[in-house]
Amino acid sequence: MKRRGFLLSLISLFGLSALSSFVYSAFRYLLPTSEVSGGGIQRIKKDEIPSGRSKDIVLNNIPVIVINIPQKGYVAYSKVCTHLGCIVQFDPEKRVFICPCHAGTFDINGNVISGPPPRPLTKIPLRIEGEEIIIG
């Protein structure tokens, strides 16, 4: 193989790699995220999450956060960002979710404040039975 043929092959390989990573990212962005469905439920004691606090759990292999919002009650959201699937972090001081990958920001209700996420965080159904919170 001559030098020119080798360089053309190498450039083609790099170009194909760059194109495939772009196509994959665009594909993931345009596809809706999967909804949390079926399967497992998890029970948590109400006193494990005092007012204004949160607790991280895993439900059906999906990281979930349960928050006790003062004057509103308990809510649960998937911690998977709706942009590219990174795991968001909750800042209790500012009462926002922040995606570390692309700086997407969600409010305490899971709605998009800023950044590239196309949709709000997925809300996880929960109900209160006595002294227990049943998630899922």
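Predicted model: local features only at pLDDT ≥ 70, side-chain atom pairs only at ≥ 80, totals over all residues.
Asp-91 has Val-96 in S6 as its bridge partner. The strands concerned are S5 and S6, which run antiparallel and are joined by three bridges. They belong to an open sheet of four strands. The order across that sheet is S5-S6-S7-S8, and the pairing is antiparallel. Strand S5 and strand S8, residues 112–114, stand at the edges. Each has a single partner strand, so one side of each is left without a neighbour in the sheet. From one strand to the next, the twist averages 35°.

Now follow the chain out of S6. Strand S6 covers 96–98, strand S7 covers 105–107, and a loop lies between them. Pro-100 sits in that loop. Is Pro-100 buried or exposed? Its relative accessible area is 58%, over the 50% cut-off, so Pro-100 is exposed. Pro-100 still has partners from elsewhere in the chain. Leaving aside neighbours within four places in sequence, Pro-100 is in contact with Ile-87 and Val-88. Thr-82 gives another reference point. Thr-82 and Pro-100 are 18 residues apart in sequence, and their C-alpha atoms are 13 Å apart in space.

Take Cys-101 to begin with. A disulfide joins Cys-101 to Cys-86, with the sulfurs 2.0 Å apart. The pair links distant parts of the chain, 15 residues apart. Cys-86 is in the loop between strand S4 (73–78) and strand S5 (89–91), while Cys-101 is in the loop between S6 and S7. The torsion about the S-S bond is about -110°, so the disulfide is left-handed. Cys-86, at 16% relative accessibility, counts as buried. Cys-101, at 40%, counts as partly exposed.

How many disulfides does a search of the whole structure find? One. That leaves Cys-99 and Cys-81 to account for. A disulfide needs the two sulfur atoms within 2.5 Å. Cys-81 counts as buried at 0% relative accessibility, and Cys-99 counts as buried at 3%.

Next comes another sheet. It is open, has four strands, and its order is S2-S3-S4-S9. Here too the pairing is antiparallel. The edge strands are S2 (54–59) and S9 (123–124), and each pairs on one side only.

S2 pairs with strand S3, residues 62–69, in the antiparallel sense over six bridges. Within that pairing, Asp-56 has Ile-65 in S3 as its bridge partner. S3 then pairs with S4, again antiparallel and over six bridges. Here Val-66 has Ala-76 in S4 as its bridge partner. S3 and S4 form a hairpin, with three residues between them. Gln-71 lies in the turn and has a positive phi of about 65°.

S4 itself is well covered. Five of its six residues are buried, so S4 is largely enclosed by the rest of the structure. In a regular strand the side chains alternate between the two faces of the sheet. S4 and S9 pair in the antiparallel sense over two bridges. In that pairing, Tyr-77 stands opposite Lys-123 in S9.

That leaves the link between the sheets. S4 belongs to the S2-S3-S4-S9 sheet, and S5 belongs to the S5-S6-S7-S8 sheet.

How values were computed
Residues numbered from 1 in each chain as written. Heavy atoms only, no water. Buried < 20%, exposed > 50% of the residue type's maximum accessible area, 1.4 Å probe, protein only. Contact = heavy atoms within 4.5 Å. Pairing = 2+ DSSP bridges. Axes fitted to C-alpha atoms, helices over the stretch in contact; angles between N-to-C directions.
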